[in-house]
Amino acid sequence: MAATAHSWRECCVKKRTVPAAGVINALTIDVEDYFQVSAFAPHIARSDWDRRECRVERNVDRILQMLADHETKATFFTLGWIAERYPLMVRSIVSQGHELASHGYGHERVSDLSPAAFADDIRRAKEILEGLCATAVVGYRAPSFSIGASNLWALDSLARAGYRYSSSIYPIRHDHYGMPEAPRFAHRITAELIEIPATTLRFFNRNLPSSGGGYFRLLPYPMSRWMLRRVNSVDRQAAVFYFHPWEIDVDQPRIAGIGARTRFRHYVNIGRMADRLEHLLADFAWGRMDELFLGHPNLSAASLSAASRH
């Protein structure tokens with residue numbers, strides 16, 4: 001069904017409604033700290049990370065309390081670097097019934113890694129996370145959604161490493177990532193691996209990002225809610241939403257020397273994020289990625305080129 005201009009106007013004046021009947025969406029958190037954001041890499045050396053004020057614990061604690069208040073479970077894609085330094089935080093995530101998944105070890109974009117380096121990164125992160133919590137880690141999300149048309153070989157590497165799903169391809173156009181021709185919803189890559197993309201809304205023959213991050217902070221909340229509801233009601237699909245712990249932290253240190261675009265993308269509406277998440281948790285039903293998407297053998301095969309995966 002084609003979206004209309006009238007629908008866009010309508011979304012901004014609708015009052016809050018109850019969660020879409022029968023649809024449970026996937027809530028995901030990318031557990032990294034403010035200084036590990038890819039856009040800050042030119043300004044913060046990786047060797048300086050240990051000297052930075054780390055704020056991830058307090059922010060994850062706030063998120064866990066928020067989820068408990070709404071009786072909601074989620075998936076936490078966690079960096080191995082973070083898990084090594086904050087094992088009690090990681091164990092708390094698991095003990096409260098959430099899924100622990102991998103965000104790689106050191107937040108390096110897959111597009112910057114060789115196949116051998118990537119294989120080492122995903123193996124190292126998996127071993128750290130599983131060693132801390134004695135639970136299988138089966139999910140992976142690439143930093144900055146950095147798997148795309150040029151490095152689909154990474155999906156085969158994930159399957160060989162024992163991962164059962166990836167959430168690493170964003171089917172949009174973006175200046176840093178994206179593969180707009182990729183399928184919009186969960187699909188099978190191999191017999192062992194499925195890809196579960198972050199959610200997009202098809203609008204005038206273009207995929208619009210509608211699944212969290214900076215877009216969620218930038219757009220008015222009623223518009224974000226309308227987009228997610230449309231995916232639930234028109235596409236009849238579960239949405240996949242993501243955010244980061246630093247996005248609720250108004251007191252995080254400001255990074256000097258960054259450009260105007262980077263500053264805007266990182267800090268826009270951070271002061272409104274926690275309240276918007278409260279509304280989001282009330283307006284939709286949410287669950288873990290593994291419980292929502294694994295165990296569905298009838299997922300269609302991907303239309304991704306097999307040749308480009310080798």
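At what angle do the axes of helix α2 and helix α4 cross? They cross at roughly 10° and come within 10 Å.

## Basis

This is a predicted model, in which local features need pLDDT of at least 70, side-chain atom pairs count only at pLDDT 80 or more, and totals for chains, interfaces and linings use all residues. Residues are numbered from 1 along each chain as its sequence is written, and side-chain values use heavy atoms, leaving out hydrogens and water.

## The α2–α4 pair

Helix α2 spans residues 56–69 and helix α4 residues 87–95. Helices are DSSP runs (H or I, at least four residues), numbered from the N terminus. Axes are lines fitted to C-alpha atoms over the stretch in contact, with angles from 0 to 180 degrees between N-to-C directions. The two helices are therefore roughly parallel (under 35 degrees).

Val56, Glu57, Val60 and Leu64 of α2 meet Met89, Ser92 and Ile93 of α4. Contact means heavy atoms within 4.5 Å.

## Nonpolar cores

The largest nonpolar core has 72 residues. Such a core is a set of buried Ala, Val, Leu, Ile, Met, Phe, Trp, Tyr and Cys residues joined through side-chain atoms within 4.5 Å. Helix α5 (residues 115–133) gives the largest share, 7 residues. Phe76 and Ile147 have the most contacts inside this core. Beyond four places in sequence, Phe76 touches residues including Val60, Leu64 and Ile93.

A second, separate core has 13 residues, among them Phe77 and Leu294.

## Ser38

Ser38 sits in the loop between β1 (24–31) and α2. Ser38 is buried, at 13% relative accessible area (buried means under 20%, 1.4 Å probe, protein chains only). Beyond four places in sequence, Ser38 touches His107, Arg109 and Ser144.

Notes
Buried < 20%, exposed > 50% of the residue type's maximum accessible area, 1.4 Å probe, protein only. Parallel < 35°, antiparallel > 145°, perpendicular 65-115°, else oblique.
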